[in-house]
Amino acid sequence: MGVRSLRGEVAVVGIGETTYYKHSQSPDPEFVLALKAIIAAAEDAGIDPKSIDGFASYSNDRNEPSRIAAALGIPDLKFSNMQWGGGGGGGAGAVANAAAAIYAGLADCIVVYRALAQGQFARFGQGNVGSSVSGEVAFNAPYGVMSPAQKYGMRNQRFIHEHGVDRSALRAVSMASYHHAQSNPRAVMLGRPLTEEKYDESRWICEPYRLFDCCLENDGAAALILMSSDRAADMRHKPAYLLGAAIGSEYRNGAPCHNGPHYGTSSFTTVAPRLWQMSGLGPDDVDVVQSYENFSGAVVMSVVEHGFCAADEVNDFFQLENLIAPTGKMPLNTSGGNLAECYMHGLELQVEAVRQIRGDSTSQVPNTNVSLVMSGPMVTPTSNCVFGTADTL
Amino acid sequence: MSTSPHYLPAGLPRPTAENDGLSKPYWDALRGEQLLVQRCGECQTWQWGPEWICHQCLSFNMTWQAVEAQGRIYSWERSHHPVHPALKGRGAYIAILVELPHAGQVRMLGNLLGDASQEVIIGAEVTGEYEHHGGEVPYTLLQWRYAS
């Protein structure tokens with residue numbers, strides 16, 4: 001038996017998205033959003049939704065596969081999977097889980113999906129704690145630390161301190177997302193470009209983060225359909241072949257109360273090397289990058305840990321002209337990302353990565369063969385994956 | 001036990017031990033102005049946040065050791081946006097992560113007392129202050145101030 005690998009075994013053959021709404025503005029209930037995205041992905045692939053036989057999601061999505069399967073009249077359910085933990089860090093993990101299930105013969109046609117109607121439930125940007133708290137929350141909330149910006153800002157701040165990261169690097173990440181959103185009719189921030197002045201003058205949320213460093217809160221849904229590569233060749237669109245994926249985090253990343261030994265990282269220091277090993281690629285092979293911006297400063301860490309630049313080079317590397325399609329040396333978040341397209345917990349980044357492979361992006365990078373996605377940084381477990389054209393197989 | 005001045009407004013969640021009692025010794029000791037950190041009874045490894053097992057040698061014999069409430073600032077943040085109704089109108093406040101060099105470099109989170117607009121210096125030494133809260137179920141938080 002040779003090396004175990006997913007490289008080239010599975011491809012994305014269909015993508016679907018609902019309209020992306022500002023939080024609480026969806027006219028549809030969350031479950032309807034899920035159904036619409038899944039049906040749209042099936043139509044995009046040119047298949048009957050009833051031929052889906054498996055489901056994979058992440059971030060404690062509320063829309064259970066058995067309910068969806070019953071709702072769609074699916075004849076046979078063969079895979080029902082939740083990437084456990086890590087919130088939005090699980091998007092690529094869900095793709096990896098689906099791919100592994102297809103490769104292993106558990107199912108043939110799996111949809112990876114995420115649906116959010118935040119207004120229907122609690123908002124992420126708030127604390128959402130009770131009057132008494134225990135466990136890890138007890139060590140944070142009584143001191144006023146409750147939101148993701150606060151929990152993760154502490155970790156980002158350590159990296160910023162260790163490597164002398166200038167605010168201009170964070171600003172460049174934000175501006176790249178907003179720049180690309182201006183070409184994307186689906187983007188929530190279409191028509192609302194971000195200038196340096198607007199960024200610099202925006203209010204602090206929690207230092208090191210200003211308003212434009214933080215992802216949006218949105219309603220909507222996205223879905224991707226995966227099949228084995230031999231079937232994918234017959235589908236409607238150019239397949240986006242999965243060349244590699246990895247999941248996880250470093251030693252004791254999950255140690256409670258901010259005690260992870262490798263604290264000033266985005267959790268990718270051990271996960272990125274595994275991706276490169278499976279895919280047989282490196283940062284120089286990558287044409288376009290989608291990097292989950294829960295916070296702009298975390299993108300800086302993700303990019304460093306994937307080897308695109310050294311930690312002490314970030315102030316030079318993170319200049320807007322380096323990050324924008326079509327000419328940047330590392331085009332980043334080409335549909336507007338979590339900051340400016342929508343916050344679909346990063347699944348919209350997977351959809352955009354596939355569009356780049358197909359040549360269909362609103363900010364297309366010419367001659368794209370390799371398209372990388374880094375999922376939610378600073379969480380555990382996180383995940384990443386890389387897609388390629390047929391030429392890369 | 002009387003209450004002491006509080007850094008943050010009333011109405012924030014109060015800390016309590018888990019149902020299984022894992023961190024109860026820590027919260028109880030703060031009431032008596034004592035800081036306890038976990039230490040493995042077999043291999044002496046320090047451990048934080050509390051856990052049932054030693055991450056180093058996998059012994060379940062975890063003990064609690066009293067340590068000086070002193071340390072160095074490891075990271076920090078200054079919150080502006082109110083994340084809880086009780087914080088509306090409070091203005092900015094500082095949370096820091098304090099590293100305890102004498103307790104295996106474990107880190108604890110607390111507020112940095114004093115002017116909320118003061119510069120926060122990573123590496124600076126801080127001293128702990130116990131902040132007692134009254135009410136039906138009294139509790140104590142461990143806060144920090146720059147060492148003089």
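This is a predicted model: local features need pLDDT of at least 70, side-chain atom pairs count only at pLDDT 80 or more; totals for chains, interfaces and linings use all residues.

Modeller: Residues are numbered from 1 along each chain as its sequence is written, while chains are lettered from A and ligands numbered from 1 in the order in which they are written.

Biologist: Which residue of E5(B) is the bridge partner of Glu207(A)?

Modeller: Strands are DSSP runs of E, at least two residues, and helices are runs of H or I, at least four, numbered from the N terminus. E7 (204-207) of chain A and E5(B) run antiparallel, joined by 2 bridges, and strands pair if DSSP finds at least two bridges between them. For Glu207(A), the bridge partner in E5(B) is Arg78(B).

Biologist: Inside chain B, which element gives the most to the side of domain 1 that touches domain 2?

Modeller: The bounds, from an automatic or database domain assignment, are 17-67 for domain 1 and 68-148 for domain 2 of chain B. Across that boundary, 10 residues of domain 1 are in contact with 13 residues of domain 2. Two elements give two or more residues on the domain 1 side, helix H1 (24-31) and strand E2 (35-40) of chain B. With 3 residues, the one that gives the most is H1(B).

Biologist: How are H5(A) and H9(A) oriented to each other?

Modeller: Their axes, lines fitted to C-alpha atoms over the stretch in contact, with angles from 0 to 180 degrees between N-to-C directions, come within 8 Å and cross at roughly 100°. Under 35 degrees counts as roughly parallel, over 145 as roughly antiparallel, 65 to 115 as roughly perpendicular and the rest as oblique. So H5(A) and H9(A) are roughly perpendicular.

Biologist: Is Leu72(A) buried, exposed or partly exposed?

Modeller: Leu72(A) sits in helix H2 (65-72) of chain A and touches Pro49(A) and Lys50(A), leaving aside residues up to four places away in sequence. Buried takes 20 or more other C-beta atoms within 10 Å, exposed 12 or fewer, and partly exposed lies in between, with C-beta atoms placed from the backbone. Leu72(A) has 17, so the label is partly exposed.

How values were computed: Two residues are in contact if their C-beta atoms, placed from the backbone, lie within 7 Å.
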